Amino acid sequence: MSEYTGDLTTLAPMVAKAYQGAIPEIMPLIDPEMLQLWRSVIKDIANKDKNAAIELIKQTKNVFSVIPPHQRKKLLASSGKFIELDIRASLSFFNNAPLAMAILEDPEFRKWESIAADLAGKNADIAIMFLKMTPKILNDMEMEEMLEWVETGKKLLPSGPQVANAFLEGCFSGLANSFQNTDREERAYLLDIGAQLALINCKCVKSYFENSSEGLTELISEDFAEWVNIGEMIAEETTYYCSEYYSNSFVALKKINPKYYRLIFRNARLLLEKERLLAGIYFASLPEILLSIHPNEIGKWVGTGIRLFETNREIAIGYFRNSQALLEYLDVAELEEWAINGLTIFENNPSNAGLYFSLKSRSSKEFVEQLMSGVALKRVSKILKYYAFGISGINFIIRSHNFLPDEHAVSAHPIVSGRAIYLAPTMKGYGDFEDNFRIYKLSIMHEVGHAQFGTSKYTVGALLPLFGKISVDFDTTFLEDLTDAGEESVKTDDDEKQEIENEIMVNFSAAIARFPNPFIATDIMGIVEDMRIEYKTVSLYRGLRREFEKVREQMVLNRQPPEGILEQFMETLLLDSVEHEPLFEINDKLKVPIEKTRNLLEKKILQPDSSTFDSLEVTVDIYNILEEHLGSLKSREYKFINNLEYRGQGIGLPSVMEKEKEFKEQILERFIPQTILDLDEDDMVQEELQSGPRCALSKNWDVLGSYTYDEWDSRIKDYRSEWCTVYDVSPTAGSNEFYQDVIAHYTHEISLIRRIFKMMKPASFRKLRRQTDGDELDFDAITEAFTDRKCGINPTDRLYIQRDKRERDVATLFLIDISASTDKKLDNGKSILDVEKEALVIMTEALESIGDKYAIYAFSGDTRADVEYYSIKDFDENISEKVECKIGALESAYNTRLGSAIRHSIAKLKQVDAKIKLLVLLSDGEPYDFGFADGRYEGQVAIEDTRMAIQEGNTLGMHFFCITVDTEASDYMDSIFSDVGYTIIDNAVTLPERLPILYNRITT
């Protein structure tokens, strides 16, 4: 070995020892000439840093093993050049250059090496960072562009090495990942901004570069410039919030429709004007805040914070930092109420206010509890949505008044725009929780009634005869104004005119506007139509009668007695519509008109076949009755009646009318909504798309990943590509109490089922008797053969025994539907989900005795953008306390977007090695999920998609079986599962005992 040691013996013993130990491994990789060079490099390094020399020796084998012989000498020579510049840089070059060599041609490699050497001469830390990071991006980046980045970084050196280092590291770690979605000119633009930011606050640069390319792609130029500028302003104030800003702001922006970006930035500007730290806290909180409130409510949230800041900086900071936790339980209006209460505390005792806004004081917690005693819309909006759909099949979107323009937000009434119903953000003052919640329910049902039993249009031909009963001025423009049909629609020929009148539809609002006094006619029509709608609603949904009566009773008690005679009549009519007598004395002049009106209502409105046209006809009759007894109404002063607060108004009714004509056209919106906000439909689709894993996030469960799947749409006879997003979620829980309670309760059943399952497990070898050939003689068969021969019977030739090796190779995926309907209570007081979970516990215990591979998953859907797939036990996971806890943690969630859940289950089964792959679905109802426009998932569309998903699994050799507790499931079950098998369990309570028996049957 001494011939290889050379002059290294003069160095430290530990270097010589490391060298001698490495020689046996190194010699096959180098020739004598290269050995001499290697030893020289080691010596040069050892003279400066012995530990560095030992490190080089240790790394040599790994490095030389990955590069060809001719490059090893080049690497050693180049590494030697770096020794004079910096020992650490030399080692870094030696370790990282092989990757650069593999990617670059020699001239390009020399340029890369030259850049590194230049940096090493200026700052070793920057050079080492360059050497470590850049080889990974050399495939994508041209050397000229890399040199431009480095030159920009070098210009920052006078401001401090840390500035240049942060800038270049940010470039190479963040901006270098943008080659797929940016061009060189765009990257140069981002580079210049990054250099400017580095001078302001270099610790923010990395976050900027990681997000800026996406920002440039996603944002229009004005918004991107605003995004950059806000970040720079925050960077001047705070390092932490600046670094968080560039990532958090994009997380927040991705959650919302781009039309709200300006709103987000505008509110940030308001905070920047007060203090830049506030803007940093604002963006740090924003991603989570947007899970609780709509972007339209951001202004209210920020406005409250600014109001607090103008009083005291610290309480404002506490408000913004703790808003996220409070908004999980409170509406933004309730949060404002909480903040204003804290402001009062501050004015009386500033020291207590700090504890209040940090949620550490008793008074703060008690006030939150007090606010929660009312009903916040945000806490019940999903329930109301399901309530409306479950009763009527109508998809309404439920929103807070906070989303409305300012002129509407002050209304106490629900505001209706198409399928969007805007309700008061909080309901309180009508008693306990149930009483307040009942107001919301009745508001929804009132609009369900209008949607089911009302209309806003009839033909001109049907309406014209009604106007013969009142004093309408039939001028030449009457038909044109009424129909909105345009000049070409008005014909002089009588036949053609009649044809138009019988075909053209007209809004009732236009008809009401033709009354001599449309204001009085509006209130009559609105009250009568509301009466008719509620009569038909209660007749169809009989269980609602008591609900309506309770709400009406509460609201009638709060009404003020009217003053004028017309107002008295209208108030009496309103009370009649809710089956209440007036609490005031009725003017004698009104007694006859009221009696005639009641007779009309009984005869024409409170009838099973009554229509909106009947309401208009009765309006004409009542109007004439009033004129008959009170004289002409055309110029009579009249004050609008206040409708009951649970009844909705249209969005088209402004609070201040500038022109009488506009007012007449929109007047009926006080009772019968007709106008639709332009943005409502877009927002409904947007809310569907931005939903995300809401349930998982609300419970702080781990989201393991997301996957997109196609969905079959029978309407277009094709798949919608990458249409649904499925989130893999891992539930968490602190206790396995549920699991253990089930084990204790079903001890006898589990013991019996285990014995049954053990019988399913085949022996290693099974004897097959009476075979024509085999491994041994079957003496029983031989004895019978001799007996048969003695009796003159031809004996059998099946005289052998075969040993047949059989293996049970089954992998079963149990998929559990935990939609909202599984919360339904059964006769034994348990929910459907409870018995599903009990069945899983028993099934798990049974499967452990047989050795089958099995996995347990649950799912729930909330639009196509949020199908959550809960992992309870994976195939390769053993039963454990963690699995037991997960089963207990399952709670009823949203809907049943079954096709996507099955496709994700197929993906899971594909990864399992088994001869038989089976998916067992436990469900309580047909596939259904909320959605808007093309995203609707119901009826035949949902059934066909589910059936197609099963066919996809069948083509892969997988088997399916569905177990449902829906006693009315035969129609859709037959459509979906007729080819693969299903069973309907009439009594869900028996599911825990029956599931293992069913499994036994379908797998043997």
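Let's start with Cys-242, which is buried, with a relative accessible area of 0%. Keep in mind as you explore that this is a predicted model.

**The disulfide**

- A disulfide is a covalent bond between the sulfur atoms of two cysteines.
- This structure holds 1 disulfide, and Cys-204 and Cys-242 form it, with their sulfur atoms 2.2 Å apart.
- The pair links distant parts of the chain, 38 residues apart: Cys-204 sits in the loop between helix H11 (184–200) and helix H12 (205–218), while Cys-242 belongs to helix H14.
- Cys-204 is buried too, at 0% relative accessible area.

**Other cysteines**

- Cys-202 is in no disulfide, and the nearest cysteine sulfur, that of Cys-204, lies 8.2 Å away.
- Cys-202 counts as buried because its relative accessibility is 17%, and the cut-off for buried is under 20%.
- Cys-724 also counts as buried, at 0% relative accessibility.

**Leu-253 in helix H14**

- Look for Leu-253 in helix H14, which covers residues 239–254.
- Leu-253 is buried, with a relative accessible area of 2%.
- Leaving aside residues up to four places away in sequence, Leu-253 touches Leu-219, Tyr-261, Ile-264 and Phe-265.
- Gly-215 is 38 residues from Leu-253 in sequence, yet their C-alpha atoms are 9.9 Å apart in space.

**A nonpolar patch on the surface**

- Leu-291, Leu-697 and Val-703 form a nonpolar patch on the surface, and together they have about 200 Å² of accessible area.
- Leu-291 is in the loop between helix H16 (276–289) and helix H17 (298–309).
- With a relative accessible area of 38%, Leu-291 is partly exposed.

Definitions and conventions
Residues numbered from 1 in each chain as written. Predicted model: local features only at pLDDT ≥ 70, side-chain atom pairs only at ≥ 80, totals over all residues. Heavy atoms only, no water. Helix = DSSP H or I, 4+ residues; strand = E, 2+ residues; numbered from the N terminus. Buried < 20%, exposed > 50% of the residue type's maximum accessible area, 1.4 Å probe, protein only. Contact = heavy atoms within 4.5 Å. Patch = residues over 30% accessible without salt bridge, like charges linked within 9 Å, V, L, I, M, F, W, Y side chains within 5 Å. Areas by Shrake-Rupley, 256 points an atom, 1.4 Å probe, with all protein chains shown as cover. Salt bridge = Lys/Arg side-chain N within 4 Å of Asp/Glu carboxyl O. Disulfide = S-S within 2.5 Å.
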